There are 4 protein chains.
Amino acid sequence: MHKGRLEAFSDGVIAIIITIMVLELKVPHGTDWAALRPLAPAFSSYVLSFVYIGIYWNNHHHLLHATQQVGGRILWSNLHLLFWQSLVPFVTGFMGENRFAPLPTALYGFVLLMSGVSYRALQAAIIARQGRGSLLAGAVGRDFKGKLSLALYVAGIALSFASPWLAVTLYVLVAAMWFVPDRRIERALERRAEPA
Amino acid sequence: MHKGRLEAFSDGVIAIIITIMVLELKVPHGTDWAALRPLAPAFSSYVLSFVYIGIYWNNHHHLLHATQQVGGRILWSNLHLLFWQSLVPFVTGFMGENRFAPLPTALYGFVLLMSGVSYRALQAAIIARQGRGSLLAGAVGRDFKGKLSLALYVAGIALSFASPWLAVTLYVLVAAMWFVPDRRIERALERRAEPA
Amino acid sequence: MHKGRLEAFSDGVIAIIITIMVLELKVPHGTDWAALRPLAPAFSSYVLSFVYIGIYWNNHHHLLHATQQVGGRILWSNLHLLFWQSLVPFVTGFMGENRFAPLPTALYGFVLLMSGVSYRALQAAIIARQGRGSLLAGAVGRDFKGKLSLALYVAGIALSFASPWLAVTLYVLVAAMWFVPDRRIERALERRAEPA
Amino acid sequence: MHKGRLEAFSDGVIAIIITIMVLELKVPHGTDWAALRPLAPAFSSYVLSFVYIGIYWNNHHHLLHATQQVGGRILWSNLHLLFWQSLVPFVTGFMGENRFAPLPTALYGFVLLMSGVSYRALQAAIIARQGRGSLLAGAVGRDFKGKLSLALYVAGIALSFASPWLAVTLYVLVAAMWFVPDRRIERALERRAEPA
């Protein structure tokens, strides 16, 4: 099976997710600054989710770049990742409209956590297909950054019920950590290209 | 006519269907667990439909993979399939918001049935173009799995009025049956590649 | 400029138009047949619009197939066509929710008319770029079918205020007329391929 | 990294933005001309935004055409541009539903301004990658048109609070100025193709 159509389909889904989120920004009634102010939390969560979806698109791009063949396991792992991503507009609206209340903030973190878990499962499916000695396996290594992210999401979920703002700070921190595209795969590609 | 644009268009429509379904998950009023609980049936039907659309994308992929040329009949058979798929978000919302009430559950089954019927019609259109001795005709054979699915949908629709949960169980069963991508086409491709 | 990206963009827009129309089918309150019955006009107009968008995608496909180069005029003619197509979900909802009332039915016809006018303008822009002796110019000829469609739309718009159902019948008639993909371009391509 | 997937993703996002804007055109209650009249401002702002998104797609097309390689900075500059574009449906609805009230009109101008700023940042990122002597750098030159647009947006934002209609006139003026695709890149390409 060819990876091109998997990439095209994933790009389509991610492009739609990142764009329909704006439909959760309800046009306010009233035309003065007071009417706009209640939108601030919804807008902030929109920005955070936009960055997260952008990061996932970016890294998904790198992940499939390192893939040659696609089988049933990779295909469903990919759909599993897209499933959790597809819930981002919902939890973004839920958290934003409720001004970062505890439960919505925890649920937002849960969707981030499951996105991270399913991303790592997709990564594992690709490595399983390519073998332990593959380019991607070498590039990912022990995946410290991936594991740290999951730990920070779990911490964020727990903290949501004590201090939602601290939880959101953790989510922002993880986003910042991944903001730069994953250079490990690029570096591994370059190493391989060099003469031994 | 080239099949590439048909694939791209179908991928686009399926990607949008699978993603806009989330817009039927209305952000709840209230921020405690009690506010989330009524969402459970809507979320369950969302998951079921996500898996169904994923299965269709996957098998559609295989079906067109085995196609070389595209004519008017294939083109309209494909649009006919996309038409029934496009109704999935509507019946998903209808069934989920009404907590699996009889009529919505039957209607959900009806859209699954018509999707299955139109998928088989597309399959037949491709085989008609390629001839009875074609790869796809051999791979599909008597299509026992396809016929069984249609029978189970019909049973589910009838059962909806007696026991909606039994109907949903049947729909889940068919999804489980198709979860694994259709290996028949892959196997037939491999057989052909082997020396006689 | 390459026509590939114009095709991909148009496909994307048309795929979204044909899919978001379903969002105008509002999930009914109530779960019995009486709750579904008021949806019948909305559903009918959904089916008609789905077929129309399918026809446009299909013929747009043929039109660009016969195109080699894309300049500013073709690009904006194409966006002009997409603009009128993008209004189809709006007039579909307007006509369907108001059970084919006179003004909504006339407005629906007006959007069909402007889609037809802009399609012919795109056709003219492509012929202008290729020259009068081009393949497309020969295939289209005097474009009797195109002119007849426009006349029937105008008749439909006028009739909407006397008998909306007669107007809708005319719209269905034009759709039936175009249902078969435009064979003229295919035939012209075949003629050219034959030795003189 | 390959620019193809960046183009495809951007096309997808822009296609969705230009199409979901129509969802802000709410189907009116009532079926006479009086029911349609209040839609006029919403429709006007829809047309203006459609033309703007069309212009961005068009020029984005030219910009990436002149690009060979894509790195992290270009990727995030592109997402930054898409972020501001993704807010266009929101401000279009806000300005249209409030019949060009001062604050919504200023906010609309602000999103246009930030789109322009982020477009120029993307342009700068591409030139930085290619070097000062590159084709794009030569084509853009001192970018008088780009700077003038930003100035007119700023003027429009300020004028919104005195005379919103004057502000909208400025926005229309900038759109008219960019309506013709950016010939500078095409001309530079042609110059390079000529023998010295």
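Mentor: Across the interface of chain A and chain B there are two salt bridges, a salt bridge being a side-chain nitrogen of Lys or Arg within 4 Å of a carboxyl oxygen of Asp or Glu. One of them joins A:Arg5 to B:Glu7, with the closest N and O atoms 3.7 Å apart. This is a predicted model, in which local features need pLDDT of at least 70 and side-chain atom pairs count only at pLDDT 80 or more, while totals for chains, interfaces and linings use all residues. Residues are numbered from 1 along each chain as its sequence is written, chains are lettered from A in the order in which they are written, and side-chain values use heavy atoms, with hydrogens and water left out.

The contact (heavy atoms within 4.5 Å) draws 29 residues from chain A and 35 residues from chain B. Together the two chains bury about 2,900 Å², 79% of it on carbon and sulfur atoms, where buried area is the accessible area (1.4 Å probe) that two parts lose on being put together, summed over both.
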